[in-house]
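Start with the open space in this model. Then move to its surface, and end with its charged pairs.

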Amino acid sequence: MSEREPVVYKGIRALLAPGYKLIMRPKIIGKENIPKNTRAVLAGNHKKPTDILILSASTRRCLHYLAKIELFKGPIGKVFKSAGIIPVDRSKKNPDALKAAKDYLNKEGVITIFPEGTTNKTDAVLLPFKIGAVKMARDTNSPIIPFTIKGEHKLFGKRPELHFYPPYYVGDEDLAVENEKFRDYIYQKLAN
């Protein structure tokens with residue numbers, strides 16, 4: 001059974017994606033790696049809050065993001081929920097968020113997650129990864145489509161570049177070990 005794209009997400013993407021592409025001129029590589037109608041977990045680095053713009057502009061698929069619960073306060077929170085965005089309380093384990101994400105995957109949807117758990121405002125290439133991406137991928141037998149975002153989201157900055165890589169499958173080792181393997185994979189892609 002395939003998932004239905006939330007009308008709110010579709011409307012927001014229709015409004016924002018063309019303008020983002022026109023103004024920022026992002027370079028998007030490997031978008032053919034995103035499955036056309038089957039489940040996948042998109043996971044990669046997170047440098048700016050605007051990373052969601054380049055990701056949403058890169059595909060016609062509905063991307064169900066996991067986002068910090070603080071963004072769901074007030075009227076904008078209702079818009080986020082209507083758009084299929086899943087709230088995550090970063091201060092504790094989130095079985096409800098994990099279940100919601102797995103439900104989308106089991107309906108052949110696409111979950112987008114930044115395993116660092118926050119925007120990386122440090123000089124480090126990557127922050128430590130939270131385990132959610134590898135856990136939900138393994139639990140639902142979904143491929144991870146790794147991505148890296150480089151460059152700037154500024155009018156006169158270095159043109160942003162989004163690169164999607166071939167499907168990555170989580171192995172059978174302990175999840176903490178698999179999580180580190182996946183982080184190393186993203187690290188190597190960013191370092192090149």
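The model itself is predicted. Keep both points in mind while reading on.

Begin with the pocket. Rolling a probe the size of a water molecule over the atoms shows where empty space is left. The largest pocket has a volume of about 1,200 Å³. Its lining holds 44 residues. Nearest the centre lie Tyr65, Leu66, Ala67, Lys68 and Val88. Several elements give two or more residues to this lining: helix H1 (7-24), helix H2 (51-57), strand E3 (63-68), helix H3 (75-82), helix H4 (95-106) and helix H5 (132-140). Which element gives the largest share of the lining? H1 does, with six residues. What kinds of residue make up the lining of the largest pocket? There are 28 nonpolar residues, seven polar ones and nine charged ones.

H1 and H3 are the elements that give two or more residues to the nonpolar patch. H1 gives the most, with three residues. Is Ile12 buried or partly exposed? Its relative accessible area is 33%, so Ile12 is partly exposed. A patch residue needs over 30% relative accessible area, and Ile12 has 33%.

Compare a residue of helix H5. Ala133 is found in that helix. Ala133 counts as buried because its relative accessibility is 1%, and buried means under 20%. Ala133 and Ile111 are 22 residues apart along the chain. Their C-alpha atoms are separated by 9.0 Å.

The charged pairs come next. Side chains of opposite charge can pair when their charged atoms come close. For a salt bridge, a side-chain nitrogen of Lys or Arg must be within 4 Å of a carboxyl oxygen of Asp or Glu. How many salt bridges does this rule give? The count comes to six.

Take Asp103 and Lys99. Their closest N and O atoms are 2.9 Å apart, and the two residues form a salt bridge. Both lie in helix H4, four residues apart, which is about one turn of the helix. Asp103 is partly exposed, with a relative accessible area of 32%. Lys99 is also partly exposed, at 49%.

A second pair links two helices. Asp139 forms a salt bridge with Lys102, with the closest N and O atoms 3.0 Å apart. Asp139 lies in helix H5 and Lys102 in helix H4, so the pair ties together parts that are 37 residues apart in sequence. Asp139 has a relative accessible area of 38% and is partly exposed. Lys102 is partly exposed too, with 21%.

The side chains of Glu173 and Lys181 meet in a salt bridge, at 2.4 Å from N to O. Glu173 counts as partly exposed, at 38% relative accessibility. Lys181 counts as partly exposed at 37%.

How values were computed:
Residues numbered from 1 in each chain as written. Predicted model: local features only at pLDDT ≥ 70, side-chain atom pairs only at ≥ 80, totals over all residues. Heavy atoms only, no water. 1 Å grid on protein atoms, 1.4 Å probe; cavity = no way out; pocket = protein on both sides within 12 Å on 5 of 7 lines; lining within 4 Å. Points joined across faces, edges and corners; volume = space filled by probe spheres on them. Nonpolar A, V, L, I, M, F, W, Y, C, P; charged D, E, K, R; others polar. Buried < 20%, exposed > 50% of the residue type's maximum accessible area, 1.4 Å probe, protein only.
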